[in-house]
Amino acid sequence: MKNYFILAFGALIFTTFSCSMKKTELTSGIDFANLDTTMSPGVDFYRYACGGWMDSHPLTGEYARYGSFDKLAEDNKEQLKELITSIAEKKHEKNSVKQKIGDLYNLGMDTETIEKQGSEPLQAELQAIAKMTSKDQIPAMMADMQLTGSYPFFGIFGEADPANSSMNVAWIWQTGLGIGDRDYYLESATQPIREAYLELIEKMLALAGYADMVDMPGKEKQLAQEVLKLETEMAKIFMTKEDLRDPYKTYNPKTLAEFQALLPNFSVKNFLTPLQLENLENVNVGQIAYLEGLNNILYNTNLETIKAYLAWNIIDHAASFLSEDFVNEDFNFYGKVLSGKEENRPRWKRVVGIVDGSLGEAVGQMYVEKYFPAEAKERMLHLVDNLQLAMADRINNLTWMSDETKEKAIDKLNSMIIKIGYPDIWRDYSTLEIDPALSYYANVQRASRFESEYQLSKIGKPVDPMIWLMTPQTVNAYYNPTTNEICFPAGILQPPFFDMKADDAVNYGAIGVVIGHEMTHGFDDQGRNYDKTGNLSNWWTDEDAKNFDGRSKILVDHYNLIEVLPGTFANGVYTLGENIADNGGVNISYEALQKAKQEGRINGVMDGFTPEQRFFIAYANVWAGNIREEEMARRTKEDPHSLGKWRVNGILPHSETFIEAFNIKEGDPMWLAPEKRADIW
C-alpha cells in the first residue's frame, strides 16, 4: 500500500537548563563503553563510535537487527505489556475500552483454545472462495477481503488529493505480492527465495485443507506453482520502487468511468458497492500501466488459479493468528528465510503488538497518562523552534538557490504543523466489538474491518488536521507532505535519544538531528514537490530545480558505490529521500549547536572530547546496532532507509565540520574530496 510515512530517527524530549544549574553538574553524555578506541575515526567512524555497544549487544535468535533504536522499542513493549496485562487480569464492563483490550489479549494468549481450533477459523472464508463459479464474483470478494486486511491485486484507501490537499480522495494502489518487493520475483539471484516461498504456499494450502475444498486433493504443489506464476506476472507490471518515489507519476486523477475503462474485465461497481463507495465519482490511480496489465492478467488467468491466489492471500494474512503449525511455517519463511532470524518473538510480544495495532489510541491514552510527562511537549517545542531558526538561516545562505525560491522555502518551513507526544482528540472505539466467545482470528478480523471502514470513511471528506498517523506509543516519527506536518510521538520522546543529565552537545547530535531530519523531508526529492499547504505544486524556478537535482545526484552516486554485501550495492535512487534528510539533519542541527555555543549553553572539552566531537559521536550512537546478512539484503531491497552503518559512514564524509572535528585526512576511508561532498540543505 502507498505510505507517506517517512521513518526517521524519531525525536526526544528537550529541556533548557536553569541558569542556576552549574555546567559542571552535567556529564559529557559520552559512554566510553560504547566506543571502540582501537579503531581510528578516520578509518571507520561507525565502528569507532559504536563498536563497544555492538560487542556488548550480540544478536539473539529473536532478532534480525538489534540496535539502540530497537532497544527503545523493546523497552516500550515492556511498558505496554505491563499496561495491557494489568487490564487483562480483571473483568470489565462490556463494550468498555478495557474490556476490548483485555479480552483481545487473553484470546491471543489462550494457546490451548487456538491449538484446538486449528484451521477452523479460516474455513468459512476459504469455502466462500472455493464456491466461486465466475470471474464476475472476483470484485465483491476482493472488497470483502480488503475490509478484513487482505489486499489481492490492488487496494483502495482515502488520502489527501495532491491537487487539493484539504480534501480526501480515493486512491487505487498496486498490491498483492506475497514476498513483497517485485525484484524478488524477477532476479535470478533470488531464485532460492522463490523456491522457499513456493514451499510455503504449498504447505499452507495443505494445512488449511484448501485443495480438498476445490476437489484437487494432493494438488497443493500444482496450485502453489500457479499462484507463484500469477504473482510473477503481476510483479512484471508493478511500478518500480524508484518510480513510486515520483509523486507526479503516481498522481493520475480519473473519473469512475475512466477507472472502469482501465479494467474492462473487472466490475468496478461490484468492487465499490460492498465498500459503501458506490457513489464515488473520482479516484486517483497510482499506477495506470499496472491496472492496464492487470486487466489482461485477469482475462488470461483461469478462475481456479485466481481462486487459489485469493485463498493464499487469506491464509497468509491469517497465519500468525492460528495454531502453531501455521505460525511456524509463516515464521520459517518471513522470519528465517527473508530476515535470518533464528527464533520467533515470544508470544506475549506478538499479542501485545496486535492489541496495540487494533486499539492503538486507546492503549496510547493510557500509555501517555503513565509514562509521558506533561512538560515534555513544551520542552520539545522549544528545540523544534531552535532547529527551524537554524534551517531558515541555512536556506538564506544557500548559494545555489534564488531569492524567489528561498522565500517560498522559508514560508513552507515556517508553516509546518508540529505534533508532539499525543493527539488532542482521541479516537472513538465504541463501535468495535471484541467478543470473547469468538476465536482470536475472528476478533482480529473485526478489528481489521473496524479500521478499514474508518479509513475508507475519509474519502470525499475534508482532511482532518487533528488526526495522527501514528499512535503515541510508537517508537518512530514522520513527515507528511500533504499536510506539511512533522510528528514526534511520546513513545520515542525518551532516553537513549535525549539525556537530561548531559551537556547539550550530545542532545543536538541525537535529538537535534532527528528534528532536522524530519524538517528536511519537506525539501527532499519527494517533499520538495509539495507547497506549504500540501498541494503538489512546482514552486521552484527551473534553474533552482536543476541545481537541486545536480547536488542530489552526488548522494545518489555516492550510495550506489557502497557495497553492503559482496555483490549487493546500496540503491542511491531509492534511498535518496532519507539520505538527503540525514545530510540536512546533521547540517541543520550542527548549526543550531553553534548558536547554542555562542549563547554560552554548551560546555567546552569534556572527557577529552570537544562539543563538535560529542555531537558526531552522539549521532552515530543513534544507529549503533548489529544486523544479520539476510536482513541486510532484505532491507537493501525493500527499505528506503540506508542501513545503520551507512547512515553514519555514508553521510558524515559529506560534512566538512565532521572532517574538521576528527581531523580526517586525505587518504583516510572516511575522507571525501570537497568536490564529491553533497551540500544541499
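## Basis of the model

This is a predicted model, in which local features need pLDDT of at least 70, side-chain atom pairs count only at pLDDT 80 or more, and totals for chains, interfaces and linings use all residues. Residues are numbered from 1 along each chain as its sequence is written, and side-chain values use heavy atoms, with hydrogens and water left out.

Helices (H or I, at least four residues) and strands (E, at least two) are DSSP runs, numbered from the N terminus. Contact means heavy atoms within 4.5 Å. Axes are lines fitted to C-alpha atoms, for helices over the stretch in contact; angles run from 0 to 180 degrees between N-to-C directions.

Two strands pair if DSSP finds at least two bridges between them.

S2 and strand S3 (residues 164-174) run antiparallel and are joined by 8 bridges. They form a hairpin with 2 residues between them. Phe 154 has Gln 174 in S3 as its bridge partner. Gly 155 has Trp 173 in S3. S3 also pairs with S5, in the parallel sense, over 3 bridges. Here Trp 171 stands opposite Asn 284 in S5, and Ile 172 has Val 285 in S5 as its bridge partner. S4 and S5 run antiparallel, with 3 bridges between them. Thr 255 stands opposite Asn 282 in S5.

## The three-stranded sheet

Another open sheet is formed by 3 strands in the order S6-S8-S7, with mixed pairing. Strand S6 (417-421) and strand S7 (478-480) are the edge strands, and each pairs on one side only. From one strand to the next, the twist averages 15 degrees.

S7 and strand S8 (residues 485-489) are antiparallel and share 3 bridges. Tyr 478 has Cys 487 in S8 as its bridge partner. Two helices are placed against this sheet. Helix H18 (residues 376-396) lies across S6 and S8, at about 145 degrees to S6. Helix H21 (residues 504-521) touches S7 and S8, and its direction makes about 150 degrees with that of S8.

## A helix pair

Helix H5 (residues 123-130) and helix H14 (residues 303-318) have axes that come within 9 Å and cross at roughly 170 degrees. H5 and H14 are therefore roughly antiparallel to each other (angles under 35 degrees count as roughly parallel, over 145 as roughly antiparallel, 65 to 115 as roughly perpendicular and the rest as oblique).

From H5, the contact takes in Glu 125, Leu 126, Ile 129 and Ala 130. They meet Lys 307, Leu 310, Ala 311, Ile 314 and Ile 315 in H14. By class, the contact has 7 nonpolar, no polar and 2 charged residues (Ala, Val, Leu, Ile, Met, Phe, Trp, Tyr, Cys and Pro count as nonpolar, Asp, Glu, Lys and Arg as charged, and the others, Gly among them, as polar).

## Cavities and a pocket

The whole structure has 3 cavities of 30 Å³ or more. On a 1 Å grid over the protein atoms alone, a cavity is a set of points where a 1.4 Å probe fits but cannot get out; a pocket is an open set with protein on both sides within 12 Å along at least five of seven lines; lining residues have an atom within 4 Å of a point. Grid points are joined across faces, edges and corners, and a volume is the space filled by probe spheres set on the points. The largest cavity holds about 80 Å³ of space. Its lining includes Tyr 559, Asn 571, Arg 635, Asp 639 and Trp 646. That lining has 5 nonpolar, 5 polar and 2 charged residues.

The second largest pocket holds about 510 Å³. It is lined by 23 residues, and the closest to its centre are Thr 190, Thr 568, Ala 633, Arg 634 and Lys 637. Helix H7 (183-186), helix H8 (191-208), helix H15 (324-339), strand S10 (568-569) and helix H25 (629-638) each give two or more residues to the lining. H25 gives the largest share, 6 residues. The lining divides into 11 nonpolar, 5 polar and 7 charged residues.
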